[in-house]
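Here are some questions about terms used for a structure. Each answer sets a value against a definition.

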Amino acid sequence: MSEGGERVLALLPELLLLLGAVGGLLLGLWTPQHRQGRVRLLVTAACLASAIAAAVALPEPAERVFEGTWVVDTTTGVVRIVVALGVAVLVWLASASLAGHPRETEAYVLMLLGGLGSIALAASGDLLLLVAAYLLASVPLYALAGFAKDSAGVEATMKYYLMGAFVGVLMLVGVAAVVLAAGTTGYLDLAAQLPEASPALLAVGVLGVLAGVAFKAGAVPVHFWVPDVTAGTTPPMAAYITTIPKIGAVAAAFRLLAEPFADVPLDVPLLVAVIAAVSMTLGNLAAFNQNDVLRLLAYSTVSQVGYLFMVVAVAARTDLAVPALAIYLAGYAVTNIGAFAAVAAAPGARTITDWATTVGRHRWLVVSLVVCLLGMVGTPPTAVFVGKLAVFAAAWDGGLAWLVVVAAVNTVASLFYYLRWIAPAFTGVTAAPTTGESTPGTGSRTAAGTARKVQPGPMVTLHAAAAVSLCLGVGAGLWLGAATNGM
C-alpha cells in the first residue's frame, strides 16, 4: 500500500465518523420525517465501527501523520473509543426528545461532528489544527444547546456562543504569540524552540492557548457558561455538552504540557495545578446549595475537571500519567452520562424534591443513580475510584503532593451535596398538592402531577451506565494491580 494510503488508514476511525455524518445527512434528506429514526441507526453504526477501528489500532506503535499534525497514540486511541461510544449512547438518550422533531437528522449529524472535533482536539500535534479542532468542537454544540428553541435554550446558546467567541479570540492571540516567539506551530518543533523564546511572548502564548482548552473542559476561570448552559438545554444535550468536548479538551491540555510546554522557562505545571485546585474547590462549593439537579450536575462537572487537570499538570513528569488519564476519562464519561440519564428519565422534575417524588416507585432507578453519584465521588469499586487512585498516584509521583491533599479533602466534601440528592429519593417525598402558582425553578412540568411519569429509554441508559461503571472499575482495578506488580 502507498504511503498516502497508510496515512489515510491511520485516520480510519475519524473517517468513519465523517462518513456517518455525511451519510446521515443525505439519508435524512430522502427519508420521510416520521421515519428519521433510520438516521439514528446509521449514526450508531458509524460510531460503533469507529470505536472498533480505534480499538484495533490501539496496541499499534504511536505515529504522527500528515507532517506531524495528527498524533495517533494511546491518548488519542482512548479518546477515540470513549467519544465514539459516548456519542452512540447519547444519540439514543436524546432520541426520546428528538423523535419527530423537524430537524431530528441535523441533531444527530451535529452530535457526530462535535464528537469528531473532540477527537481532533486530542490528536492535534499542531497549534493551527488545535484551533480548527476548537471550532469543530464548539460550533455544532452552539446549535445543540438551543435545539429546543425555547427561551431557556436560546439564552443558553447565546451565553455559550459569546463566551466561546471571546475565549476563541484569546486562544488565537495565544497561538499568534507562540508563533512570534518560536516561528513554528508544530508541537515537536515548539518543544525545541520555546525554551529559548521570549518569556513575555511565551507567557501570553501559554495563557491564551490554555484558555481555549480550559473553556472546552469547563475549568475555572472560564467556566461561567457551564451551569447556565447545562440548566438551559435538555438533559441529553447537557450530558453531551459536559462529556464529549471535555474529554477531547483534557487530552489536548495533556498533550500540550507533555510536548510543547514541557521545558519552557515558565512553571506551566504549577499554573495547571492551581487551576485544578481552584476548579475542584469552587465547583464543590457552588454545588452545595443547588436544588436544581441540572445545575448541581453542572457544578459537579466543573469539580471533575479539577481532578482531570491533576494528571495534566504532571503529564511530562511521570510515566503514570497516561494510564491514569485513560482510566479517568473512561470512568468519567460513563458516570456522567449515567447521572444525566437519571435526570432525563424524569424530564419534568427539575428540583431534588420533584425528582424524588417522580421516581418514588422506581427504586432500582434510585439504586443506579446512587452508583453513578457515588462513582463521581470516587467510591469503590466504581471506575472513577480507580481513576482517582491512579490520578492521585501520578500527581504524587510528579511532585504535587499538596494537590493530592487538596483533592482528597474535596473528594470527601463532594459527598455531602450528592447525598442531598440521594437521601430524599431513598426516604421518599410526599407530593405536595398542585397550586395555581409556580415557584421559581419548578412550574407545571415539575409539580406533583409529574409523579410516575418516567421515561423508559433513559432508565435503561442509567442502569447500563451503573453496571458498566462497576464492571469497568473492577476490570481497571485488576489491570492496574497487574501492571503495578509487573513493574
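Contact means heavy atoms within 4.5 Å. This is a predicted model, in which local features need pLDDT of at least 70 and side-chain atom pairs count only at pLDDT 80 or more, while totals for chains, interfaces and linings use all residues. Residues are numbered from 1 along each chain as its sequence is written, and side-chain values use heavy atoms, with hydrogens and water left out.

Q: Which residues is Thr-230 in contact with, leaving aside its neighbours within four places in sequence?
A: The partners of Thr-230 are Ala-238, Thr-242, Leu-294, Ala-298 and Phe-340. Thr-230 itself is found in helix H11, residues 225-232 (helices are DSSP runs of H or I with at least four residues, numbered from the N terminus).

Q: Why is Thr-230 called buried?
A: Buried means under 20% relative accessible area, exposed over 50%, and partly exposed in between, with a 1.4 Å probe and protein chains only. Thr-230 has a relative accessible area of 2%, so Thr-230 is buried.

Q: Why does Ala-344 count as buried?
A: Ala-344, in helix H16 (residues 321-345), has 6% relative accessibility and so counts as buried. Leaving aside neighbours within four places in sequence, Ala-344 is in contact with Leu-93, Pro-235, Pro-236, Gln-455 and Pro-458.

Q: What makes a space in the protein a cavity?
A: On a 1 Å grid over the protein atoms alone, a cavity is a set of points where a 1.4 Å probe fits but cannot get out; lining residues have an atom within 4 Å of a point.

Q: How do the residues lining the second largest cavity divide by class?
A: Leu-210, Ala-214, Ala-253, Val-272, Ile-275, Phe-309 and Val-312 line this cavity. Ala, Val, Leu, Ile, Met, Phe, Trp, Tyr, Cys and Pro count as nonpolar, Asp, Glu, Lys and Arg as charged, and the others, Gly among them, as polar. The lining therefore has seven nonpolar, no polar and no charged residues.

How values were computed: Helices (H or I, at least four residues) and strands (E, at least two) are DSSP runs, numbered from the N terminus. On a 1 Å grid over the protein atoms alone, a cavity is a set of points where a 1.4 Å probe fits but cannot get out, and a pocket is an open set with protein on both sides within 12 Å along at least five of seven lines; lining residues have an atom within 4 Å of a point.
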